[in-house]
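The report that follows describes a single protein chain for a reader who works with coordinates.

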Amino acid sequence: MAFEELGIRDLHDLLRLRCEVFVVEQACAYPDVDGEDPVALHLLHRDGSGKLAGYLRIFTPKGGGSHWKIGRVVVDPAFRKVGVARGLMSQAIEYCRAQDPGCRIDLQAQVYLRSFYESFGFTAVSNEYLEDGIPHIDMINDNLL
């Protein structure tokens, strides 16, 4: 959904989850509220009780550069290893392909998740580098899925 479509609860929950994981759990002080949320599309996954289990954001070519981009993929620790991230990524890729068949999708992956993203057809296109003290790698998916 577009930023303007997010409810107050949605915004609160996604910012809380991103802070809980990216800032607190990963012990990384960085500006999560980066000014990019207003131009992103937001994909939220809630459990049956309404708790936010996972989240990611998508940038369209006009909103985030010359290619589609997926970022801020995050899963609540209580919902890891049950397919939440896999479901979110599948939905995001499906959405991008439905809007722009054959499009290229970029992402910046934490290195330890490289094989996870490779399972979706992403390929590393950079050497490992540090972003906010965490090893990352740039990846692209330009396969027709």
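The mean pLDDT of the protein is 93, and 97% of its residues reach 70 or more, where pLDDT is the predictor's confidence in each residue on a scale from 0 to 100. This is a predicted model, in which local features need pLDDT of at least 70 and side-chain atom pairs count only at pLDDT 80 or more, while totals for chains, interfaces and linings use all residues. Residues are numbered from 1 along each chain as its sequence is written, and side-chain values use heavy atoms, with hydrogens and water left out.

Helices (H or I, at least four residues) and strands (E, at least two) are DSSP runs, numbered from the N terminus. Where pLDDT is low, the predicted coordinates should not be read in detail.

**Salt bridges**

Side chains of opposite charge can pair when their charged atoms come close. If a salt bridge is taken as a side-chain nitrogen of Lys or Arg within 4 Å of a carboxyl oxygen of Asp or Glu, the count comes to 14 salt bridges. The table gives some of these pairs.

| Pair | Closest N to O |
|---|---|
| Arg 72 and Asp 32 | 2.8 Å |
| Arg 57 and Asp 37 | 2.8 Å |

The salt bridge between Arg 72 and Asp 32 links distant parts of the chain, with Arg 72 in strand β3 (residues 68–75) and Asp 32, 40 residues apart from it, in the loop between α1 (8–25) and β1 (41–46). Asp 32 is buried, with a relative accessible area of 8%, where buried means under 20% relative accessible area, exposed over 50% and partly exposed in between (1.4 Å probe, protein chains only).

Arg 57 is buried at a relative accessible area of 4%, whereas Asp 34 is partly exposed at 30%. Arg 57 also forms a salt bridge with Asp 37, which lies in the loop between α1 and β1, 20 residues apart from Arg 57; Asp 37 is buried, with a relative accessible area of 5%. Through shared partners, salt bridges join Arg 18, Asp 32, Asp 34, Asp 37, Arg 57 and Arg 72 into one network.

**Pocket**

A pocket is defined on a 1 Å grid over the protein atoms alone, as an open set of points where a 1.4 Å probe fits, with protein on both sides within 12 Å along at least five of seven lines; lining residues have an atom within 4 Å of a point. About 990 Å³ of space lies in the largest pocket, the volume being the space filled by probe spheres set on the points, which are joined across faces, edges and corners.

The largest pocket has 39 lining residues, and Phe 22, Val 73, Gln 110, Leu 113 and Tyr 117 lie nearest its centre. Two or more lining residues come from each of α1, β2, β3, α3 (84–99), β4 (105–110), α4 (114–118) and β7 (134–141), with the largest share, 7 residues, from β3. By class, the lining has 21 nonpolar, 7 polar and 11 charged residues; here Ala, Val, Leu, Ile, Met, Phe, Trp, Tyr, Cys and Pro count as nonpolar, Asp, Glu, Lys and Arg as charged, and the others, Gly among them, as polar.

**Nonpolar core**

A nonpolar core is a set of buried Ala, Val, Leu, Ile, Met, Phe, Trp, Tyr and Cys residues joined through side-chain atoms within 4.5 Å. The largest such core holds 27 residues, of which Leu 56, Ile 70, Met 89, Ile 105, Tyr 117 and Phe 122 touch the most other members. At least two core residues come from each of β1, β2, β3, α3, β4, α4 and β7, and the largest share, 6 residues, is supplied by α3.

**Backbone**

Most residues other than glycine have a negative phi. Ala 27, however, has a positive phi of about 45 degrees; Ala 27 lies in the loop between α1 and β1 and counts as exposed at 69% relative accessibility. Asp 132 likewise has a positive phi, near 55 degrees, and is found in the loop between β6 (129–131) and β7, where Asp 132 counts as partly exposed at 43% relative accessibility.
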